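Good morning, and thank you for coming.

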Amino acid sequence: MGRLLIFLALAGGVAFVIFGAAASRRGGDVADVGRVEAVRWVKPVGAAVSVGPARRNEDYVRAFLAHYTSLTPENAMKWEQIQPRRGRFDFAAADALVTFAERHGRRVRGHPLVWDQQLPEWVTAGDWDAAELEQVLRDHVREVVGRYAGRVEVWDVVNEPLEDDGGFTRNVWFRVLGERYIEIALRAAREADPDATLLINEIAAEFEGPKAKALRRLVARLRRSGVPIDGVGLQNHTTARRFPDRERLAAVMGDYEDLGLDVEITEMDVALPPGAPLERQARAYTAAGEACAAAPNCLGLTVWGVTDEFSWIGADKRPLPLGEGGVSKPAFAALRTALAR
Ligand code: XIL
């Protein structure tokens with residue numbers, strides 16, 4: 001009996017060393033802070049979550065859980081992370097975030113499947129012929145969407161396909177495959193998860209202009225030709241000086257509703273000039289929150305970062321609804337008034 005116990009203890013120790021080491025090589029799970037209830041929103045309201053702080057910073061995780069019901073991986077699902085070498089997929093970081101969200105009953109937005117940034121060199125520097133790159137694209141979308149089928153509710157399938165002048169961005173996908181890359185990605189995504197909501201996500205397409213027009217035309221064209229597209233993501237990276245007001249956002253949302261399509265505010269932040277009052281910024285959040293609350297086809301609203309200190313545009317811009325340490329700013333109160341029960 002004594003020997004058996006010693007054996008079990010040793011075996012357990014060995015197993016711990018092996019699996020524990022594997023887990024830490026992989027980076028591990030999101031920090032466990034127990035159950036935290038979120039604000040009760042009328043629609044999913046979320047934040048981009050970065051796996052680094054999520055793994056080691058409990059305050060960061062608590063701030064997310066206490067305020068938001070939807071999670072977008074900020075970088076963990078980007079191509080350079082997920083398929084750093086051809087055919088070698090690394091889902092560790094994405095898995096950690098998706099599992100965490102599931103454990104807490106939060107919605108996950110997948111982001112992004114095709115983009116021209118944060119691509120590994122084997123994609124950007126490849127000497128592709130069209131058939132081969134099409135296969136690479138299909139395989140990637142199938143692997144990633146298939147892995148999270150039924151778990152990721154909405155996908156930003158194509159990210160930022162357009163230039164400000166309304167033309168297509170001449171990225172590797174467009175150069176080799178032409179406009180067709182968009183359809184290839186959408187069809188592959190639909191096949192891999194027929195129930196997921198599939199969006200094209202665009203930056204700076206909130207104001208009327210060549211890009212907003214081109215996006216509407218593109219999406220209408222796809223829809224008419226039977227390509228599986230469910231709607232449009234409006235990133236809404238903006239500033240306290242100039243942001244789309246409620247009427248403008250309502251008009252954009254209405255245009256897509258006329259096409260039978262959904263919209264979502266996907267990456268909102270509002271850069272604040274030094275010294276500017278927080279109330280000015282709150283107005284931008286009120287506009288977006290009220291527009292989304294009122295539009296039946298608006299799926300939700302996501303801000304691009306959990307707290308100011310983790311914003312991709314810099315903590316000094318104070319662009320998010322939560323300040324350092326997760327304190328609620330007027331911008332958060334604005335979202336709450338517009339979108340909470
Ligand atoms: C940004 C991340 O926040 C940064 O951490 C990263 O270094 C670059 O990408 N549009 C998008 C997002 O669709 O994926 C970008 O995220 C911000 C702009």
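The largest pocket of this predicted model has a lining of 15 residues. Lys78, Trp115, Glu267, Trp304 and Trp312 are the members of that lining that lie nearest the centre of the pocket. Sorted by class, the lining of the largest pocket holds four nonpolar, seven polar and four charged residues. As for its volume, the largest pocket comes to about 190 Å³.

What sits in the largest pocket? It is the ligand that sits there. There are 13 residues around the ligand, and those that come nearest are Glu74, Lys78, His111, Asn159 and Glu267. The shell around the ligand is made up of three nonpolar, six polar and four charged residues.

Let us turn to individual contacts. Which distance separates an oxygen atom of the ligand from an N or O atom in the side chain of Asn159? That distance is 2.8 Å. Asn75 also places a polar side-chain atom 3.0 Å from an oxygen atom of the ligand. For Gln118, the distance from a polar side-chain atom to an oxygen atom of the ligand is 3.3 Å. The ligand taken alone would expose 410 Å², and the protein buries 80% of that area.

Gln118 belongs to the loop between strand E3 and helix H6. Its backbone deserves attention as well: phi of Gln118 is near 50 degrees, which is a positive value in a residue that is not glycine.

The loop between strand E3, residues 107-110, and helix H6, residues 121-124, also contains Pro112. Is the peptide bond from His111 to Pro112 cis or trans? The bond is cis, and its omega is near -25 degrees.

Next, the cavities. How many cavities of 30 Å³ or more are there? The count is two. The largest cavity contains about 40 Å³ of space. Pro112 is part of its lining, together with Lys78, Trp79, Leu113, Val114, Trp115, Gln117 and Leu119. By class, the lining of the largest cavity comprises six nonpolar residues, one polar residue and one charged residue.

The lining of the second largest cavity has six nonpolar and two charged residues, with no polar residue.

That concludes my presentation. Thank you for your attention.

Note on methods: Residues numbered from 1 in each chain as written. Predicted model: local features only at pLDDT ≥ 70, side-chain atom pairs only at ≥ 80, totals over all residues. Heavy atoms only, no water. Near = heavy atom within 4 Å. Polar contact = N/O pair within 3.5 Å; in protein donor to acceptor, adjacent residues only side chain to side chain. Areas by Shrake-Rupley, 256 points an atom, 1.4 Å probe, with all protein chains shown as cover. 1 Å grid on protein atoms, 1.4 Å probe; cavity = no way out; pocket = protein on both sides within 12 Å on 5 of 7 lines; lining within 4 Å. Sits in = over half its atoms within 2 Å of the grid points. Nonpolar A, V, L, I, M, F, W, Y, C, P; charged D, E, K, R; others polar. Points joined across faces, edges and corners; volume = space filled by probe spheres on them. Helix = DSSP H or I, 4+ residues; strand = E, 2+ residues; numbered from the N terminus.
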